[in-house]
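Biologist: I have not looked at this structure before. Please take me through it, one question at a time.

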Number of protein chains: 2
Amino acid sequence: MKSAVFENKGKVSLEEISKPTIQDSGDAIIRVIRACVCGSDLWAYSGLDSKETHSVNSGHEALGIIEEVGSDVTTVKPGDFVIVPFTHGCGHCAACLAGFDGVCQDHEDNFSVGFQSQYIRFAYAQWALVKVPGKSEDYSEGMLKSLLTLSDVMATGYHAARTAHVKPGDKVVVVGDGAVGQCAVIAAKMLGASQIIMMSRHKDRQDLALEFGATDIVAERGAEGISKVIALTGGTGADAVLECVGAQASTEQAMGVVRPGGFIGRVGLPHGKDMNPATTFYRNITLAGGPASVTTYDKEILLKAVLDGQINPGKVFTHSYSLDEINQAYKDMADRKTIKSLLVID
Amino acid sequence: MKSAVFENKGKVSLEEISKPTIQDSGDAIIRVIRACVCGSDLWAYSGLDSKETHSVNSGHEALGIIEEVGSDVTTVKPGDFVIVPFTHGCGHCAACLAGFDGVCQDHEDNFSVGFQSQYIRFAYAQWALVKVPGKSEDYSEGMLKSLLTLSDVMATGYHAARTAHVKPGDKVVVVGDGAVGQCAVIAAKMLGASQIIMMSRHKDRQDLALEFGATDIVAERGAEGISKVIALTGGTGADAVLECVGAQASTEQAMGVVRPGGFIGRVGLPHGKDMNPATTFYRNITLAGGPASVTTYDKEILLKAVLDGQINPGKVFTHSYSLDEINQAYKDMADRKTIKSLLVID
């Protein structure tokens, strides 16, 4: 089967490797029909994170059809259409029960890799996989795109909003205009925010954010961007900030625009400097966030919201590629030619 | 009038200074009847924080009788008996309205000093002061002690529990067995925690914590203390940790015992090292806390709980002193001869 391979900075190639097989009674083998490139995949592609050359791709978002399951898997069967999360929550540990399956306590290997492939082996499949009613052929391409966001970015944007305690009437700032930031706008709207300020300098991303429910756009950054947000919030700062990048500059933006006693929900992988523990303390800022509770949110609210047409996060996929075009899919996203790259796999 | 003066490490003296007068239309002049020494006062007394020699005392907790009010103050009048918080919330800014009057946005000077005195000037008095029904003579010494804790430590312990989202059934760990930690035990119980583990090495403090509602005591520290807590919580770690010290070691204890997806409510003034922003992220730890919402909590729940006898936080005052004995009051608390030193002022 074909699978993407990370070669080095700026280069991802395609390779023929063995089709995966069941290794454990909790495994599922899944034929991938849609996958994609994540903003987090770009840290290594852009050379900002080190990663072993000629190594398995870091893809971790997919839709697929169950091919085979291990003997302990009873929740899905061959032929089922599933959302394949980047997480593998067990559903019964204290963390999962508290709604944090992104940090499941049942096993160490809770994160997925290798999804930019024709087939994948998904461990701890029993609770984590999210079954979609019917067959994949029943759904439009637009619906497939939205379902695919439920493997990561929509759930991750929702995690930013949930951990930042967004509630009806809140003034919310979203830092980061990529797919996760766009989904965070959708999430803030779902949770009743009355003002949603997107910090973005790119016209296509500003437009999508406005379509998703943003009420204001701030293109400025640094001190100027902070001043503008403070003014837009009536001088108070934001009740909640959804930090969807993880860089030092975006963290500083988030700290600068949150009001005293406000919440920051972080979902961008942290790449910033060490923080003085007093920084958040003397302003009573709550700093929350981490790997998203994908399965929990999908089963609780997001799958229904997508299937009902209440939300349409699939619009973050602005270009589609075949698996053969994998490097272009990475490159266009790194170059901001697409907000998020869809991989149509057959 | 007499007022305590910080001289230098290990020495606080008493001085005769002018009685304060109204400076602003929002001021109140208060005759102090009870004050005390706070754990935070000890940072400078113990030489761990620098502080100007021969400077105003850092006392910020008092009960008193209103002597005079500025022309804009309508909520209290001469003769009223009041709890005097360490904060000065305005009650109408976005932070105060969100329940964070400890970080009121109305003015920069939100914190009190100088309360170890016969009289004090309290700025922004209109909303922040907490009126107690009747006269101070109506109350027993035990009740006065409990009312005094509402100027800081009981509200601060409650803030730790509230910002750590303690809810019915939670497994809670309290780090710090001083007055704030003891009050945090009371708060965790009020909020319905089913397990409250106090980390303490001192018999008198262990006993008080058990009386206040702690279900378990862990005397060990470091890796051993963490292992013991993890075992006591059934292998999961705590849902919420109330960090009531602020030192590097106590912060590490808190991080070590919290479960993935858990909450840390911090109320000890942070004196620890800079933190890697990924530390809390990859375990989805919510780091919250800061200066307590004293007036909010007093008016919302704590004053009633004290007056009804539901809670008796005044037991943290294990020794009483006159203002003349101010240095002994500091010294005994620094030497752990008393949990908290009460000052009876006349």
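Biologist: How far apart are the end C-alpha atoms of residues 10-343 of chain A?
Modeller: This is a predicted model, in which local features need pLDDT of at least 70, side-chain atom pairs count only at pLDDT 80 or more, and totals for chains, interfaces and linings use all residues. Residues are numbered from 1 along each chain as its sequence is written, and chains are lettered from A and ligands numbered from 1 in the order in which they are written. The span 10-343 of chain A is 31% helix and 23% strand, where helices (H or I, at least four residues) and strands (E, at least two) are DSSP runs numbered from the N terminus. Its end C-alpha atoms lie apart by 18 Å.

Biologist: Which feature does UniProt place at residues 10-343 of chain A?
Modeller: The record is an unreviewed entry, and such annotations may be inferred rather than shown by experiment, with feature names shortened and positions given in the numbering used here.

Biologist: In what order do the 3 strands of the open sheet in chain A lie?
Modeller: Two strands pair if DSSP finds at least two bridges between them. E1 (residues 2-8) of chain A pairs with E2(A) over 6 bridges in the antiparallel sense, and Val5(A) has Ser13(A) as its bridge partner in E2(A). Strands E2 (11-16) and E4 (55-56) of chain A each have a single partner strand, so one side of each is left without a neighbour in the sheet. The order is E2-E1-E4.

Biologist: In chain B, which residue of E4(B) is the bridge partner of Phe6(B)?
Modeller: Chain B has an open antiparallel sheet of 3 strands in the order E2-E1-E4. There, E1 (residues 2-8) and E4(B) pair over 2 bridges. The partner of Phe6(B) in E4(B) is Ser55(B).

Biologist: How many residues of helix H5 of chain A are buried?
Modeller: A residue is buried if 20 or more other C-beta atoms lie within 10 Å of its own, exposed if 12 or fewer, and partly exposed in between, with C-beta atoms placed from the backbone. The buried residues of H5(A) include Tyr158(A), His159(A) and Arg162(A). Just after H5(A), His165(A) takes a positive phi of about 55°. For the helix, residues 153-163, the count is 11 of 11.

Biologist: Is Leu48(A) buried or exposed?
Modeller: Leu48(A) lies in the loop between helix H1 (42-45) and E4 of chain A. Because 11 C-beta neighbours are inside 10 Å, Leu48(A) counts as exposed.

Biologist: How many residues does the largest nonpolar core have?
Modeller: Such a core is a set of buried Ala, Val, Leu, Ile, Met, Phe, Trp, Tyr and Cys residues joined through C-beta atoms within 7 Å. Val174(A), Leu242(A), Val174(B) and Leu242(B) have the most contacts inside it. Two residues are in contact if their C-beta atoms, placed from the backbone, lie within 7 Å; beyond four places in sequence, the contacts of Leu242(A) include Ala160(A), Val174(A) and Gly265(A). The core has 226 residues.

Biologist: Which rotation superposes chain B on chain A?
Modeller: The copies are superposed by least squares on the C-alpha atoms of residues with pLDDT of at least 70 in both. The RMSD is 0.0 Å and the shift along the axis is 0.0 Å, with a rotation of 180°. That is the relation of a two-fold axis.

Biologist: Why do the copies meet through the same surface?
Modeller: The contact takes 33 residues from chain B and 33 residues from chain A. Among the elements of chain B that each supply at least two residues are strand E13 (258-266) and strand E14 (286-289). The copies meet through the same surface because the share of chain B interface residues that are also interface residues in chain A is 100%.
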